[in-house]
Amino acid sequence: MRALRRISFLVALAGLTAAGGGQAAGEKTYALESLDRVKLVNVKGGPATYRGRKAVRLIDEPGERPDAKVTNGEAIAILTDSSFEDGTIEVELAGTPREGAREGSRGFIGIAFRVQDDPSRFECFYLRPTNGRAEDQLRRNHSTQYVSEPEYPWHRLRKENPGEYESYVDLEPGAWTKMRIVVSGTEARLYVHGAAQPALIVHDLKHGKSSGRIALWIGQDTEGYFSRLTVKP
């Protein structure tokens, strides 16, 4: 009898939990099914359905960056009502070189965080999807990347600290890919495909301990899709 009462209690508790539903305190989700509350910077975009899922599509095209001072790092879509210092960002994304892309395009796609009022200043983790299964091992080793724009673009970090700010992870161009970024102070960790262990760890975020907005990021000659981004404290 006591066991039955305990089971009834647990069932009732589960029902209350389900009824409460929703998100944890401080958690916020962006459906990314439209450009509502999204500011495009040096990139084209719009709502789309990709591989059966509603998403935001971003594309980098020739002529979209006429100002020579604009770098690859500034093709972003800022979530205007976001505010982020520390916590976790989760998103599903898919990147591939756009039609007519130049040789060397990788389908660069990722998430910028702590984006400043000057949108050229932010931290970012991104993927190079065409590198993940390349026959060239060195290319594979460059599948993930951390950058801190504008002072620390990828080529400076690779030259000054080879292998420290990029790593290998299995990727497939155009496939939906889970990305999770965990940030605390001046440290950030990148997780891919729901893995328990990070693919890339950065102990010295170059902008130091700061705060700002979150943005969807694509690189040169990329067609990218983003779906359901969640921010957790």
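This is a predicted model: local features need pLDDT of at least 70, side-chain atom pairs count only at pLDDT 80 or more; totals for chains, interfaces and linings use all residues.
Good morning. In strand β14, Trp-217 is the bridge partner of Gly-110.

Residues are numbered from 1 along each chain as its sequence is written, and side-chain values use heavy atoms, with hydrogens and water left out.

Strands here are DSSP runs of E with at least two residues, and helices are runs of H or I with at least four, both numbered from the N terminus. Two strands count as paired if DSSP finds at least two bridges between them.

Now the whole sheet. Its 7 strands follow the order β2-β5-β14-β7-β8-β9-β10, in an open arrangement with antiparallel pairing. At the edges stand β2 (38–41) and β10 (166–167); each has a single partner strand, so one side of each is left without a neighbour in the sheet.

I turn to the backbone. Most residues other than glycine have a negative phi, and most peptide bonds are trans. Arg-114, in strand β7, has a positive phi near 55°. Is Arg-114 buried or exposed? Arg-114 is buried, with a relative accessible area of 1%; buried means under 20%, exposed over 50%, and partly exposed in between, using a 1.4 Å probe and protein chains only. Asn-42 also has a positive phi, about 60°, and lies in the loop between β2 and β3 (44–50). Asn-42 is partly exposed, at 27% relative accessible area. Finally, a cis peptide bond with omega about 0° joins Glu-149 and Pro-150, and Pro-150 sits in the loop between β9 (144–149) and α3 (154–160).

The structure holds 1 cavity of 30 Å³ or more. A cavity is a set of points on a 1 Å grid over the protein atoms alone where a 1.4 Å probe fits but cannot get out, and lining residues have an atom within 4 Å of a point. The largest cavity has a volume of about 40 Å³, and Ile-109 and Glu-172 are among its lining residues. Strand β6 (residues 87–97) gives the largest share of that lining, 3 residues.

Thank you.

Note on methods: On a 1 Å grid over the protein atoms alone, a cavity is a set of points where a 1.4 Å probe fits but cannot get out, and a pocket is an open set with protein on both sides within 12 Å along at least five of seven lines; lining residues have an atom within 4 Å of a point. Grid points are joined across faces, edges and corners, and a volume is the space filled by probe spheres set on the points.
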